[in-house]
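I opened this chain to look up a handful of local features, and I keep the entries here in the order in which I went through them.

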Amino acid sequence: MKSALTRISNQYASLSYSEALFADYVLAHRDQIIHMAIAEVSEEIGIASSTIIAAVKKLGYTGFREFKLALASELLNPAGAWKHTPGPKEPEGTDTYRQVVLSNIASLKESLETMEYSLIQDAASLLLNARHICIFGVGTSGVLAREAHDFFFRLGLNSTFSEDLHYQLLAAARLKEGDVALLISQTGINKDIINIAEKIRQNWPPHVSGSPAGKGSGQAIIGISNYMGTPFAKYTDILLAPLTMLSTTHDNNFSFRIPILCIIETLYYTISEQMGEKYQSALKANRQVVEDSSVNHSV
């Protein structure tokens, strides 16, 4: 059977509102739902059982039972799409480091095929022209958010990030016209980051599809994630997400960092190109700080 999580990811945009509620529940409770009856799921989500049947059929399954079997098989055998399988020339029991490296290489190769550089250019323009860039990220995604803040700060952009969730929620409520919100979610299913996105959306309606915030006018939500078709995606004006399927390689929804780090670094260089001569001034200031704080090797 094909991956149930992959099918949800690929077909999420085609689901109705109620069917998407079911998909969201599956993504957030994948370990529990394989043990639940359809009536329990229906009651838990607050939708009709017939809607669940319609959703799983749209995903290509004959019924809820077949869907659960496919999902259980995927969860109980996490060899998944990104788990590297040793080839005939590789020794059995290939070391863990090699497994990790090759899995990340596989994810980066897909990102080269799917990531649209024009979206990165649009996002860079918004960030460069923003009155203020407010960066959001929770948990392990917060580590990546801190990395993004470091890159933008070195360019001289007005960028802020707080690791405290309460401060992030407060910042989300205080965004003003001309600001840009940059939200990072590795998996795209974290409830805290989605709550932040919902709070921002209360004040900012989504921009017209295909014309995100007018390319440089500010007041937009830029999302960075690993995966395209997730609940997080629908809150963004620009989504930078290179992978089409959810990873089953990692436990506890831990996910790839390297594709997101590549996106952040690409944003840095794209913004620097758009800055023109101003970039040289920022670069000179950075180099001066490094030189002043470095040990004099001639001593």
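I began at Ala233, which, with neighbours up to four places away in sequence left aside, is in contact with Met228 and Leu239; contact here means heavy atoms within 4.5 Å. This is a predicted model, so I note that local features need pLDDT of at least 70 and side-chain atom pairs count only at pLDDT 80 or more, while totals for chains, interfaces and linings use all residues. Residues are numbered from 1 along each chain as its sequence is written, and side-chain values use heavy atoms, with hydrogens and water left out.

**Entry: the loop between β4 and β5**

I placed Ala233 in the loop between β4 and β5, where helices (H or I, at least four residues) and strands (E, at least two) are DSSP runs numbered from the N terminus. Ala233 is buried, with a relative accessible area of 17%; buried means under 20% relative accessible area, exposed over 50%, and partly exposed in between, with a 1.4 Å probe and protein chains only. From Ala233 to Ile189, 44 residues apart in sequence, I read 9.4 Å from C-alpha to C-alpha.

Thr236 has its place in the loop between β4 and β5 and is buried, at a relative accessible area of 14%. A polar atom of the Thr236 side chain lies 2.8 Å from the backbone oxygen of Ala233. Not counting residues up to four places away in sequence, Thr236 touches Arg201, Ile221 and Gly223.

**Entry: the nonpolar cores**

Which residues touch the most other members of the largest nonpolar core? I found Phe152, Ile224, Leu240 and Leu267, out of 34 residues in that core, a nonpolar core being a set of buried Ala, Val, Leu, Ile, Met, Phe, Trp, Tyr and Cys residues joined through side-chain atoms within 4.5 Å. Elements that each supply at least two residues of this core include α8 (117–129), β1 (132–136), α9 (140–154) and β4 (220–225). The largest share of the core, seven residues, comes from α12.

I then followed Leu267, which, leaving aside its neighbours within four places in sequence, is in contact with Ile120, Ala123, Ala124, Leu127, Phe152, Ile224 and Leu240. Apart from this core lies another, of 28 residues, among them Leu15, Val41, Ile52 and Phe67. As background I wrote down that, in soluble globular proteins, nonpolar side chains tend to be buried together.

**Entry: aromatic rings**

I counted six aromatic pairs, with rings of Phe, Tyr and Trp (its six-membered ring) pairing if their centres lie within 6.5 Å, and planes under 30 degrees apart counting as stacked, over 60 as edge-to-face and the rest as tilted. Tyr61 and Phe67 are an edge-to-face pair, because their ring centres are 5.6 Å apart and their planes stand at 75°. Both Tyr61 and Phe67 are buried. Tyr268 and Tyr269 also form an edge-to-face pair, at 5.1 Å centre to centre and 80° between the planes; Tyr268 is buried at 9% relative accessible area, whereas Tyr269 is partly exposed at 43%.

Phe22, Tyr61, Phe64 and Phe67 form one aromatic cluster. Arg7 lies over the face of Tyr61, at 4.4 Å from the ring centre, by the rule that a charge sits over a ring if NZ of Lys or CZ of Arg is within 6 Å of the ring centre and within 35 degrees of the ring normal.

Is helix α1 enclosed or open? Six of the eight residues of α1 (residues 4–11) are buried, so the helix is largely enclosed by the rest of the structure. Its buried residues are Ala4, Leu5, Thr6, Arg7, Ile8 and Ser9.

Glu44 is found in helix α4 (residues 38–45) and counts as exposed, at 53% relative accessibility. Between Glu44 and Tyr25, 19 residues apart along the chain, the C-alpha atoms are separated by 9.1 Å.

**Entry: cysteines and the whole chain**

How many disulfides does a search of the whole structure find? I found zero, taking a disulfide as a pair of cysteine sulfur atoms within 2.5 Å. Cys134 counts as buried at 5% relative accessibility, while Cys262 is partly exposed at 35%.

For the chain as a whole I noted 13 helices and five strands, with buried residues making up 48% of the 299 residues. Of the contacts in the chain with a separation of 6 or more, 72% are between residues 24 or more positions apart.

Technical notes:
A polar contact is a pair of N or O atoms within 3.5 Å; within protein, one must be able to donate a hydrogen and the other to accept it, and residues adjacent in sequence count only if both atoms are side-chain atoms.
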